[in-house]
Amino acid sequence: MAEEGISRKNSYEDPWPPVRGDYQVGNPNACVAVVTLASPLFPRGAAISGQCKTENLGIEKIVANVISNCNIRFLLLCGAESKGHLPGNTILALHKNGIDEQGRIIGSRGAIPFIQNLPPEAIARFQKQVELIDCIGIEDIAAIEEQITRHSRLCEPYPAEPFQAIKRKIASRKIAFGKGDLYFGAGLVMDASAWLVMEESVAEALAESCIEG
């Protein structure tokens, strides 16, 4: 699955993962990431594992974190679906069909399946870099860990540089609603706690107004 000459230790950039969230980081050199959907499961052996309950922002975080680590070649979906949102179905649709010109995930049955904060190139990279393991509905930890072990024997790092769809930016000042510690380029920053994206100049103006107030 990979060309020779790529070292695992150079297949991701610290700090990893770049996007904060409710997840557990295991071994960044492992090649399986696990999404447990609405189930609070904690399988061993994965590069990263965590829940996903939404079909938009939650999936954006998964994509950004996965493609920033070339070691990850499989994304295992397990646990119970989040009713109404259907993030598992939406991840499958995103990987198979991509997004349309409006950012809508083609074929998703979720309520609001839109990608708004990632470029099309990030979606294309996600489709190429990882294979999906569809275990949606399975909550048995032993069965999930067996899948992780089995697929861990089958891969090499993706033969490209880590894709930094979202980069952490060390904040030198506070902005409204938190800290703008994620940098998208083109003058955009994000409050990671609130997932609020704004122009850096606007953030600065809001911060100054808050300080003056």
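Cysteine 52 is buried, with a relative accessible area of 3%. Buried here means under 20% relative accessible area, exposed means over 50%, and partly exposed is in between, using a 1.4 Å probe and protein chains only. Cysteine 135 is also in the buried class, at 8% relative accessibility. Cysteine 135 is in no disulfide, and the nearest cysteine sulfur, that of cysteine 78, is 6.9 Å away. A disulfide is called when a pair of cysteine sulfur atoms lies within 2.5 Å.

Before going on, the ground rules. This is a predicted model, in which local features need pLDDT of at least 70 and side-chain atom pairs count only at pLDDT 80 or more, while totals for chains, interfaces and linings use all residues. Residues are numbered from 1 along each chain as its sequence is written, and side-chain values use heavy atoms, with hydrogens and water left out.

Back to the cysteines. How many disulfides does a search of the whole structure find? It finds 1. The partners are cysteine 31 and cysteine 155, with their sulfur atoms 2.4 Å apart. The torsion about their S-S bond is about -115 degrees, so the disulfide is left-handed. Cysteine 31 sits in the loop between S1 and S2, and cysteine 155 in the loop between H4 and strand S6 (167-168), so the pair ties together parts that are 124 residues apart in sequence. Both cysteine 31 and cysteine 155 are buried. For the element names, helices (H or I, at least four residues) and strands (E, at least two) are DSSP runs, numbered from the N terminus.

Next, the sheet. 5 strands form an open sheet in the order S1-S3-S2-S4-S5, with mixed pairing. Two strands count as paired if DSSP finds at least two bridges between them. The edges are strand S1 (23-25) and strand S5 (131-136), each of which pairs on one side only. Neighbouring strands of the sheet are turned by 15 degrees against each other on average, direction ignored. As for angles, axes are lines fitted to C-alpha atoms, for helices over the stretch in contact, and angles run from 0 to 180 degrees between N-to-C directions.

Look at S4. S2 and S4 pair in the parallel sense over 4 bridges. Valine 32 has phenylalanine 74 in S4 as its bridge partner, and valine 35 has leucine 77 in S4. On the other pairing, S4 and S5 are parallel over 6 bridges, with leucine 75 bridged to leucine 132 in S5.

Leucine 75 brings us to the packing. A nonpolar core is a set of buried Ala, Val, Leu, Ile, Met, Phe, Trp, Tyr and Cys residues joined through side-chain atoms within 4.5 Å. The largest one has 31 residues, of which Leu75, Leu118 and Phe126 touch the most other members. Two or more residues each come from strand S2 (32-35), helix H1 (57-67), strand S4 (74-79), helix H2 (87-97) and helix H3 (120-129). H1 gives the most, with 6 residues. A second, separate core has 13 residues, among them Val34, Leu41, Cys135 and Ile148.

What does leucine 75 contact, leaving aside its neighbours within four places in sequence? The list includes Ala33, Val34, Val35, Ile62, Val66, Ile91 and Phe126, as well as Val130, Glu131, Leu132 and Ile133. Contact means heavy atoms within 4.5 Å.

Last, charged pairs. The structure holds 2 salt bridges. The criterion is a side-chain nitrogen of Lys or Arg within 4 Å of a carboxyl oxygen of Asp or Glu. One joins glutamate 145 and arginine 44, at 3.2 Å from N to O. This pair links distant parts of the chain, with glutamate 145 in helix H4 and arginine 44 in the loop between S2 and strand S3 (48-50), 101 residues apart. Glutamate 145 is buried at 14% relative accessibility, whereas arginine 44 is exposed at 64%.

The other joins glutamate 146 and arginine 150, whose closest N and O atoms are 3.2 Å apart. These two are 4 residues apart in helix H4, so about one helical turn separates them. Glutamate 146 is partly exposed at 36% relative accessible area, and arginine 150 is partly exposed at 40% relative accessibility.
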